Amino acid sequence: GGSDSHVSSQPVGRPQTVVYAQSLSTSDLVDGLRRGRCYVAESSAVSLTLKASGGDGVTAGPGETLTVRHDTPLTIAAEVRGATQSSLAIITDGGCVGRVKTDDCGVARLRWDCMAGEARFARVEVRRRATFPSMVALSNPVWLHRR
């Protein structure tokens with residue numbers, strides 16, 4: 001996501017792509033984008049986190065792969081901030097596995113516990129509740145691989 005403005009009534013920065021990168025250098029930002037280490041949000045007021053962790057302490061975020069043994073319990077944890085009147089959902093290749101509404105401050109946390117092999121990926125969607133729900137934020141997936 002990105003923005004472009006040609007008149008003062010069109011604010012720049014809505015939407016925006018947030019990149020997890022080692023630094024703000026061009027090469028690190030491009031590397032983060034290539035690896036899918038990012039999410040899209042409607043504005044800088046919205047922040048989103050997604051983390052998958054295995055029983056052995058291994059973790060992965062958007063664009064990364066979590067590789068664990070086939071009998072490993074997994075936890076997928078997500079959090080959004082700055083998303084008033086919205087809902088946070090964890091989505092897998094099997095569909096939505098959990099959804100929660102944000103509080104009055106626009107914050108929500110959601111956790112899904114599963115076993116390795118129950119899903120090939122997990123990603124997050126944040127949608128604003130309205131007549132027609134609009135997208136507030138969307139993450140790239142964490143890939144879940146069992147050995």
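## Exercises on strands, rings and burial

Over eight bridges, strand β3 (residues 47-54) pairs in the antiparallel sense with strand β6 (residues 73-81). Two strands count as paired if DSSP finds at least two bridges between them, and helices (H or I, at least four residues) and strands (E, at least two) are DSSP runs numbered from the N terminus. The model is predicted, so that local features need pLDDT of at least 70 and side-chain atom pairs count only at pLDDT 80 or more, while totals for chains, interfaces and linings use all residues. Residues are numbered from 1 along each chain as its sequence is written, and side-chain values use heavy atoms, with hydrogens and water left out.

**Exercise 1. The sheet around β6**

Task: Which residues are bridge partners across β3 and β6, and in what order do the strands of the open sheet stand?

Solution. 
1. Start at Ser47, whose bridge partner in β6 is Arg81.
2. Continue to Leu50, which stands opposite Ala78 in β6.
3. Turn to β9 (residues 108-115), which runs antiparallel to β6 and is joined to β6 by eight bridges; here Thr75 stands opposite Asp113 in β9.

As background, strands of a sheet pair through backbone hydrogen bonds, either parallel or antiparallel.

**Exercise 2. The aromatic pairs**

Solution. 
1. Apply the criterion: rings of Phe, Tyr and Trp (its six-membered ring) pair if their centres lie within 6.5 Å, and planes under 30 degrees apart count as stacked, over 60 as edge-to-face and the rest as tilted.
2. The search of the whole structure then finds two aromatic pairs.
3. One of them is the tilted pair of Tyr20 and Tyr39, at 6.1 Å centre to centre and with 50° between the planes.
4. Locate its members: Tyr20 lies in the loop between β1 (16-19) and α1 (26-34), and Tyr39 in strand β2 (residues 38-41), so the pair ties together parts that are 19 residues apart in sequence.
5. Phe121 belongs to strand β10 (residues 121-128) and Trp143 to strand β12 (residues 142-146), so parts that are 22 residues apart in sequence are tied together.
6. Phe121 is buried, with a relative accessible area of 16%, while Trp143 is partly exposed at 42%.

**Exercise 3. Core and contacts**

Task: Which residues have the most contacts inside the largest nonpolar core, and is Ser87 buried or exposed?

Solution. 
1. Define the core as a set of buried Ala, Val, Leu, Ile, Met, Phe, Trp, Tyr and Cys residues joined through side-chain atoms within 4.5 Å.
2. The largest such core has 29 residues, and those with the most contacts inside it are Leu48, Ile76, Val80, Leu88, Val126 and Leu144.
3. Follow Leu144, using contact in the sense of heavy atoms within 4.5 Å: leaving aside neighbours within four places in sequence, its contacts include Ala52, Leu66, Leu74, Ile76 and Phe121.
4. Compare Ser87, which lies in strand β7 (residues 86-92) and is buried, with a relative accessible area of 9%.
5. Beyond neighbours within four places in sequence, Ser87 is in contact with Arg99, Val100, Lys101, Glu125, Val126, Arg127 and Arg129.

**Exercise 4. The whole chain**

Task: How many helices and strands are there in the protein, and what share of its residues is buried?

Solution. 
1. The protein has one helix and twelve strands.
2. Buried residues make up 37% of the 147 residues.
3. Of the contacts between residues at least 6 apart in sequence, 56% join residues at least 24 apart.
4. Along its principal axes, the C-alpha trace spans about 55 × 40 × 25 Å.

Conventions: Buried means under 20% relative accessible area, exposed over 50%, partly exposed in between (1.4 Å probe, protein chains only).
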